[in-house]
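Open your viewer and get ready to select things one at a time. We will take a short tour, stop by stop.

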Amino acid sequence: MKRFWAWGALIIGLLYFILPLIGMTNFSLKMRRGVYSFDAYAKVLADTRFQETFTYSVTLALLTILVGVFLVVPTAYWVRLKLPFLRPYVEFVTLLPLVIPAIVVVFGYIRLYNTSSWLPLTGTALGTDVLLVAGYTMLALPYMYRAVDTGLRTIDVTTLTEAAQSLGAGWFTIITRIILPNVLVAVLSGAFLTFAIVIGEFTMAALLNRPAFGPYMQVLGANRAYEPAALAVIAFAITWGCLGLIQLVSRFQKSAQRPV
Amino acid sequence: MSFLTLTHLQKSFGSVKVVHDFNMTIDKGEFVSFLGPSGCGKTTVLRMIAGFEIPTGGTIEIAGKDQTHLRPNQRNIGMVFQAYALFPNMNVFDNVAFGLKVAGKPKNEIESRVKEMLKLIHLEHLADRYPYQMSGGQQQRVALARALAPKPEVLLLDEPLSALDAKIRVSLREEIRQIQRHLGITTVFVTHDQEEALSISDRIVVMNGGKADQIGTAPEIYNRPATRFVANFVGTLNVIEATLVNGATGVVKIGEELVSLPQPVSGKADGQSISVAFRPEAAMVAGPATGPAALTGTVMSSNFLGSVMRTKVDVGGNIISFDIFNHPSALRPKAGETLSLTLQKDGLMVLGD
Amino acid sequence: MTSPNPPTGPFPARRMRLPFHWLGILPFAVFVLLFLIMPTMKIVIGAFQRPDGSFTFQNIGNLFTPSILAAYGISIRISMASAFFGCLIGFGTAAAVVLGGLPRAIRGPLMTFSGVASNFAGVPLAFAFLATLGPVGFITVFLQTELGINLRMLGFNLLSFWGLTLTYLFFQIPLMILIITPALDGLKKEWREAASILGATNAQYWRMVALPILTPAILGTFALLFANAFGAVATAIALTGSSLSIVPILLFAQIRGDVLGDPHLGYALAFGMIAVTGVANTVYIWLRARSERWMR
C-alpha cells in the first residue's frame, strides 16, 4: 500500500516535471503548419541578435567565473587557515544574495553608481559591464563559496600549507600550485553552476540595459510564438549540459581519488 | 527453564545465507554472549530476536509465546546499540522516558521510573543534559537506562562497548553485568571481543559462518574448545606436531618425550603424526621442580608486559608462545638462547576440524 | 612570509602578523561592501529620505495604498504557497527515495534532474509553461479538443495566483529535494530502530524524533524558498508581461521609469521587499534557535 502511494506520487511528480518540457519541445517544432520541423531553431540561430546577445552573455559568464574564482578561492582558503573565527560571518555574508532580491541590489547599483555619483560606472558601456559582472558574481557567490569551502574541508589546508612553506613556497605558489589543484573539482562545479545562472539571467541585465541573452529571450517571447519555445529548449539544454559537466568532473575526481 | 528459545533459525539475504540453522535456549535471568568475527551472523541473530529482520525459517519464542512475526514495537524487548543511538533532540530524562511515553504511561509513573533508572546508572545529576554534552560512556549508560525503563523481558546488547576507550570499556561492562544481575533480566550480548565475552557471561556462543560452533561456559569454551576455530578465536593457541604412539591410551611422542593426553585419540592410526594444541599457560620453563622437558627451542623474543613476560620460542619451526610470571629474580630469556619447556599434561588438546 | 632571517623574538613577529592576517580577506570585504552592502544600504536609507536628503517616513507611508498593498499581499501569498508546497512535495519525494518506498536506483537521476530543474528558472521556464498550460499550450488544447474540457471555463488561468505558484513549483520542489536530502541522510538508522524497539509506532517516531531533528533544515529551506519566490522577477515578467501586479513587477516597472515616477517610492518598494525577506529570515533564525537547543 505504501509502495502504491509512493509510486503514484512519483508518477504525478514526473508528469508535472516532464509535461512542460514536452510542451516547449513540441511547440518549438510546430512552426511549419501541420508538420514537425526545425524552422524555429533555424530562424533563431540565424538571428544576428541571438548571436550577439548569446556571445555577450557567454563572455560575461566566463568573466564572472574568473572574478568569482579569484575572489572566493583565496578568501575561503585564508579564512580556513588564518581566521577560522570569522567563518560563520563570512558564510553569512555569502548567503545574503539568496535573501536580498537581485532586483533590489541592481536598483542600488543604478542609484549608487549613476553618472552623477563618485563612481559613475553606469556612464559608459564598459563601466556598466563591470557592474553587471560584479552583480553576477554576487548572484553566484552563495554557490561558488559553498562549493569551494566544501572542497577545502576535504583537504587538510593547514598541513598542506605548512608542508609547502617548509619547502620554501610563497603564497602565490601555494594558492595556485597547491590549493587550487586540490579544490579544482569544487571550483569547476561552482563555475558550471555560475555559467548556468548567468547565461539566462534577466533582471540585472534588463535593468542595466545591456544586450544580454535573458532580455533578448524576454523581448522575443513578447513578440513571437514559436521561437521562444525553441529558445527555452536551447536554454534547458545549456542548463542540463552545465549540470551534466558537474556530475562528470565529480565522478572524475572520485575515480582519481581511489587508492592505487 | 528456558525463557528465550530460538529454533532452527535461518536467514538469507538474497542468495547469501547468513545464518544456518541456529538453535539455542536461554534461561530466565541468564547472560549469554554471542562471540565471533564480523560477518559470522551474530548481529543478524540478535536483530532477528529484536524483530528488525524477519527469519527466513525457524521460530523465536519468549516465555512460551511465538514472536517470530511480531514487529519490533510489539515485542517487549530492550536494546542498546553500538553507539550514538540516543535521540539527539532529547535530554537524558526524555530519552529514558521515551519508551514509557509511547506506551502512554501516566506522568507521575514516568517520572518516578525515570528517576529510578537514572539512579541505577548513577547519572541522576545529568537528567537535563543533551547527548552531545556527555562522554561516550555516559551516553551508553543512558542508552542502557532507556532500554530498561519499560521493563523489557529480554535485553539485547549490540556491541555496546566497541566505540569506547579501553578503561571505560572494562568498568562499564562490569557495571552492565552488575545491573543485569540486580534486575535478573535475560540478556543477549553481542561482541567480537573475547575478553569481554569470557569475563561477564554465564554462557558463550562462539559463532562462525552462520552457525554456533560451541555453546558453553567461559571455562568450557576456553579449556575444551570444540573446534579448531573456537580454539583459535578464543585465547592464544600453540600447535605442535606429535607422533601418535597409542591412540587407545592417548599416548603421543612430543620431541623425544612420551606424553599421555587427558583423553584417548580416535580417527588416527598409531604412528601417524597429529597436531597437539595447548594454551600458553600450559607451558613452563623446564627445571628441577617441573619434571622432564618435552620441547627444546630457540628464544625468538621476550616482551615484558608487566605481570608476565610473553615469550616466543621456535621449536622445530613451530612458534610457541608462553608466559613467565614476573618477579624480581625471574628468568629473563634473551633472543637466541636455547630454552627447554615442559608441558602440563591436562592442558594438551587434540583438535577436531 | 619566507624571510631568510628568523624573527628576533616572538613579539615583533606577532605584531607584524596581525594586520597581514586581516589583509587576506580585504579584497573580498571591499567587493562585498561595494557591490552588495552599500547598494542595499543606499536603498534602505533612500527609503527614509526626501529628494533633498532630509529624513521622512512619507515614502513608507506612500506604500499604504490599496494597489501597492494588494501587490505585496499577492506576492507574499504566492511566495508562501510555492514555498509551502515546494517544501511539502520536495520533502515527501526526498523521504520516499532516502527512506525506502521508492527504489534507491532513482536517487542519482533524481538528484541530477533536481540540480537542472532548480536552475531552470526565469524566462525559459515561463516559455515552457506557456507552451504547456497557456491559452494555446498543448495540454490546454489537448483537453479542449480531445476531452472537451475547457481549462479557462474551469477557472484556471496560468497568469494568476495558482498559475504562478504552479510555475514556481518547478524550481521550488527540486531546490527542496537538493537541500533536504543530505539532512534525511543524516537520520541514523539506529534512531528509528531504537524508537521502534521502545514500542513507538512509525508515526510516533516521526513526530517525536525525526521531525524535531529535521525542523531546523526544513525551516531554513522554507525561508530560502520564500525569498527565492519573492524575488523572482524574470519568470513573472516573461509569464505575465505586466498583467499581474506583484511587487517585483511593480518595482521593475518603477525602475524602468514606466509608472509611478517617484524615485523615492521605488526605494520604499525595494525596502519593503528587503523587509519582507528580512522578517522571514528573522523568524527562521528565531525558530531555529528554539528548535536547536540540543545542537552544538
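Which domains does the domain assignment of chain B give? Select chain B and colour domain 1 (2-233) and domain 2 (238-350); such bounds come from an automatic or database domain assignment. A word before we go on: this is a predicted model, where local features need pLDDT of at least 70 and side-chain atom pairs count only at pLDDT 80 or more, while totals for chains, interfaces and linings use all residues. Residues are numbered from 1 along each chain as its sequence is written, chains are lettered from A and ligands numbered from 1 in the order in which they are written, and side-chain values use heavy atoms, with hydrogens and water left out.

**Stop 1: between the domains of chain B**

The C-alpha centres of domain 1 and domain 2 of chain B are 39 Å apart. Six residues of domain 1 and four residues of domain 2 make the contact (heavy atoms within 4.5 Å). Together the two domains of chain B bury about 430 Å², with 41% of it on carbon and sulfur atoms. Buried area here is the accessible area (1.4 Å probe) that two parts lose on being put together, summed over both.

Now select B:Tyr222, B:Arg228 and B:Ala231: on the domain 1 side, these lose the most area to domain 2 of chain B, together 76% of what that side buries. Next, show helix H7 (218-223) and helix H8 (228-233) of chain B, each of which supplies at least two residues of that side. H7(B) gives the largest share, three residues. Helices are DSSP runs (H or I, at least four residues), numbered from the N terminus.

**Stop 2: where chain C meets chain B**

Select chain C along with chain B. Here 22 residues of chain C are in contact with 24 residues of chain B, and the two chains bury about 2,200 Å² between them, 68% of it on carbon and sulfur atoms.

Which residue forms a salt bridge with B:Arg47? Zoom in on C:Glu193, whose closest N and O atoms to B:Arg47 are 2.7 Å apart. A salt bridge is a side-chain nitrogen of Lys or Arg within 4 Å of a carboxyl oxygen of Asp or Glu, and the rule finds one across this interface of chain C and chain B. Helix H9 (189-197) and helix H10 (202-230) of chain C each supply at least two residues of the side touching chain B. H9(C) gives the most, with eight residues.

**Last stop: chain A**

Finally, show chain A. No contact joins chain A and chain B, and their closest C-alpha atoms lie 17 Å apart. Of the two pairs of chains that touch, chains A and C have the most contacts.
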